[in-house]
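Take a look at the model shown below.

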Amino acid sequence: KMATLVPDGSSWHQVLKETAAEWNRVSGGKVRVNLYAGGTAGDDPDVVRKMTLGTLNAAVLTSVGVAEIDKSVYAMSIPMAYRDYDEVYYVLEKMRPSLEASMLEKGYVVLNWADGGWVHYFAKRPVTDPDDLRSLKLFSWAGDTDTLEIWRNLRFNPVPLPSTELATALQTGLVEAFGAPPQVAVITRYYENAKNMTDLNWALLLGATVIKKEVWERIPADIRPKLLEVARNAGRKLQAEVRRSGEADVAAMKSKGLNVVPVDAPTRAQWTMLAESTYPQVRGHIVPAAAFDEALRYRDEYRKQQAAHKK
Amino acid sequence: MTTLAAVFRRTEQVVLVATLALATLLPVIDAFGRPLGGFHVPGSAAYVQQLTLWLAFVGGLAATSQAKHLKLSTAEFFDEGLAKTLSQLLAYSVAAAVVGILAYASAQVVLANRIQTKMLPIGVPEWVSETVMPVALGLMALQFAWMASNRWWGRLVGLGAIGGAFALGLVPPESAGALWPLALLIVGAALLGAPVFVAMGGIALVLFFREGTPVAAVSAEVYRLIASPTLPAIPLLTAAGYVLAESGAAERLVRFFRAVFGWMPGGIAVMVAAVCAVFTTFTGGSGVTIIALGGLVYPILRKDGYPEGFSLGLVTASGSLGLLFPPSLPVILYSVVASTRDQTVPADDLFIAGLVPGLLLVVITAFYGIVIGRRVQQEKVPFSPREVVASAWGAKWELLLPVFIVALFVSGFASMVEAAASALAYTVIVECFITRDIHIVKSLPNVLLKAAALMGAVLILLSVAMGLTSYLVDAMIPDMLLTWVRTHIESQVMFLLALNGLLLVLGSVLEIYSAIIVLAPIIAPIGAAFDVDPIHLGVIFLANLELGFLFPPVGLNLFLSSSRFGKPLTSLYRHVFPFLIITGIGVLLITYIPAMSLGVLRLLGRQ
Ligand code: NA
Ligand code: NA
């Protein structure tokens with residue numbers, strides 16, 4: 001029994017269904033996957049609770065869900081810490097062993113990692129610099145008190161709401177801006193009421209496919225590597241799919257009137273400074289201090305390598 | 001024993017009133033603090049979530065001691081005697097056993113949440129506050145065992161039932177499949193007087209258990225629903241409706257609508273339809289309308305010369321008019337339940353789409369009243385503009401309430417929960433300080449307590465219904481049903497007709513909230529497969545349930561009317577028959593003319 005928020009009928013869902021069928025094939029019919037897509041089993045916290053209780057066995061989780069198990073994963077989503085995919089994935093490759101070991105300690109086996117694209121800001125009025133965003137009512141997820149307080153301390157105007165109320169709140173004007181990856185904005189059509197997208201990679205939404213350890217160990221040992229192989233391949237396929245669709249999604253929104261607001265280098269620096277000013281609160285509260293430091297160390301290491309390479 | 005019981009009761013009361021007060025204040029502070037530089041209580045959303053959990057379970061406990069849990073009407077068929085004693089013993093022993101297992105299952109959920117280590121801003125882990133679930137359910141199980149009989153041996157049977165249920169946990173998984181007859185026992189207990197939530201929870205537990213899934217699957221859903229962020233709107237608006245029902249608001253509204261409609265032939269019938277519609281927007285489909293207004297408007301109708309049968313039929317039928325108008329709870333709940341990541345059904349769109357269909361149902365009911373009213377001889381009251389103004393002035397605070405709430409929400413000033421909390425705050429301020437119908441110290445706590453018991457009953461029923469739905473989802477029933485429907489039904493018209501029939505029958509058996517929770521997630525995807533607009537589907541769904549309330553043998557309004565006016569159910573069947581026909585025509589029109597629902601949305605550019 002595997003649950004996911006991935007929308008029913010989307011290309012992601014297709015990849016997952018293929019994976020399920022492939023697992024069934026390579027295990028000679030011994031592994032059968034029931035897929036509950038589109039959030040029918042609940043939001044990520046519900047899904048993790050159900051895995052703890054044993055009523056679900058596996059799940060494709062967003063970073064919110066993975067963090068319910070182990071918060072270290074948020075080190076990969078520190079705002080403005082990474083410039084592009086290469087930086088994040090360099091750090092992820094370095095940190096994977098420790099991330100996966102600590103997930104295993106909590107009773108979960110990670111089958112693959114995949115991301116859902118970069119979080120961008122969508123707003124009713126064009127947002128170039130942080131002050132533009134300060135003047136708007138910003139969606140903030142009702143379950144996440146820490147982030148909410150950080151926004152408030154930075155003199156932003158966050159409105160805590162359940163994600164199911166976001167569509168309505170954008171219509172009534174209760175919310176004027178929100179952060180989401182382009183694919184999410186397209187599928188939910190949230191962007192139709194917030195037609196300005198700031199061209200800034202704020203943070204990467206990382207996810208993982210996990211399975212409960214005791215369920216994994218019930219699968220015959222000779223089959224497990226084959227399943228893992230299939231899952232890793234699917235992860236790569238999802239990855240390619242997300243990057244390909246990322247551009248297509250922005251193009252699709254543009255054709256329906258989306259205005260992409262450019263951000264120049266000095267303004268980008270403003271955003272980075274803003275994000276970095278929150279790091280003391282993020283470190284230790286939202287991201288465990290050790291994981292936070294490790295991630296930034298690897299990132300600096302990567303940047304140094306790149307700089308050396310260029311010389 | 002009596003002092004212990006008294007202390008227990010007192011604690012329950014203090015906890016409930018304090019919880020409700022906090023659950024009202026926090027969202028109001030959030031909403032009104034936002035324009036004032038973002039003044040707020042840190043983490044208020046997390047608190048409100050926990051407060052709702054407390055309202056549901058301590059309220060559920062209060063509902064158990066006040067015998068407020070919804071039951072099937074068949075339970076009343078026995079007179080005193082051996083049959084009654086035995087049926088009570090069976091019903092409550094089963095209730096004790098099921099609730100005992102639910103207490104155990106929710107303890108598992110609390111333990112699972114303990115691993116996730118979420119903290120409330122005051123430094124208390126959330127799981128500590130969540131222990132209210134297993135504790136309240138445990139106490140409820142003991143209460144049911146106590147209620148199984150007036151004698152000690154009977155109560156011991158009740159306790160034995162709890163023990164027996166836990167002993168079933170020792171059954172090896174491979175033979176658990178043979179346990180399905182337990183579901184029949186549970187249905188039997190519900191027919192003999194066990195609360196409906198016990199039946200739903202019990203059946204869900206048995207279904208999960210026999211396929212080897214941990215029974216915590218049910219309590220995980222209970223928790224998921226009650227902890228969902230929009231849910232607090234339901235207890236808050238219920239409490240607001242209850243405060244209105246206990247104040248003189250009904251008299252003032254009746255005076256106003258009488259002044260407006262009383263002069264025309266059949267005007268009193270029009271007044272009844274209008275006043276019931278306005279009242280139901282606040283009380284939702286809970287049947288409070290019939291209880292609060294029935295005794296007031298029925299004598300007015302009779303005095304005006306309307307026959308007894310027509311008067312009873314009209315009051316019964318009007319008890320759920322207005323269900324589609326803002327801020328009616330069933331509409332909000334449908335939006336919460338039918339919305340998924342893929343497809344949102346925003347409550348505001350649903351309200352806008354429901355305006356014309358809702359009006360249609362009110363108008364055809366009123367029109368039938370006019371037809372009958374012209375036939376009966378009556379003294380006409382001359383139209384008096386002065387009385388209209390005077391009565392409007394008298395009822396101004398109540399008439400402004402829906403305007404105030406809708407304005408808060410539509411202007412983007414407040415979220416759903418904040419608007420609901422503002423409604424309760426507004427109602428309390430108006431009825432306690434302006435009209436002074438309710439004394440804030442002497443009577444308000446009692447009114448809120450009664451409301452809390454009702455809320456507890458509703459919330460527990462809702463959340464347990466969610467547990468049953470989750471079994472259906474887990475067993476992939478919606479997918480199978482969709483495949484079946486697709487092979488057997490080809491056209492959209494046939495699908496809608498089948499839907500009308502299904503909702504009519506199920507709407508009469510299920511109470512409205514559980515009907516929404518159980519059926520909406522199953523029907524929404526099928527509707528999408530047949531290209532029915534999701535908003536239109538919501539309006540069809542709710543209008544159909546409104547009709548289901550009148551459908552024999554056990555439609556909720558029939559049952560409530562029967563107990564309110566002391567009339568046998570069978571005589572009510574006859575009296576509501578004409579209303580059933582005309583409302584049925586209305587529902588068919590709503591179903592097959594989508595423009596009625598979607599037209600206004602299109603005019604506003606929302607489609
Ligand atoms: Na009603
Ligand atoms: Na939902």
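The structure holds 24 salt bridges over all chains, a salt bridge being a side-chain nitrogen of Lys or Arg within 4 Å of a carboxyl oxygen of Asp or Glu. Side chains of opposite charge can pair when their charged atoms come close. This is a predicted model, in which local features need pLDDT of at least 70 and side-chain atom pairs count only at pLDDT 80 or more, while totals for chains, interfaces and linings use all residues. Residues are numbered from 1 along each chain as its sequence is written, chains are lettered from A and ligands numbered from 1 in the order in which they are written, and side-chain values use heavy atoms, leaving out hydrogens and water.

Begin with Arg96(A) and Glu93(A), whose closest N and O atoms are 3.4 Å apart in a salt bridge. Because they are three residues apart in helix H4 (residues 85–105) of chain A, about one helical turn separates them. Helices here are DSSP runs (H or I, at least four residues; strands are E, at least two), numbered from the N terminus.

Another salt bridge joins Glu301(A) and Lys94(A) at 3.9 Å, N to O. This pair links distant parts of the chain, 207 residues apart: Glu301(A) is in helix H12 (residues 289–310) of chain A and Lys94(A) in helix H4 of chain A.

Asp293(A) and Arg283(A) also meet in a salt bridge, 2.8 Å from N to O. Asp293(A) lies in helix H12 of chain A and Arg283(A) in helix H11 (residues 265–285) of chain A, so the pair ties together parts 10 residues apart in sequence. Arg283(A) has a relative accessible area of 37% and is partly exposed, that is, between buried (under 20%) and exposed (over 50%), with a 1.4 Å probe and protein chains only.
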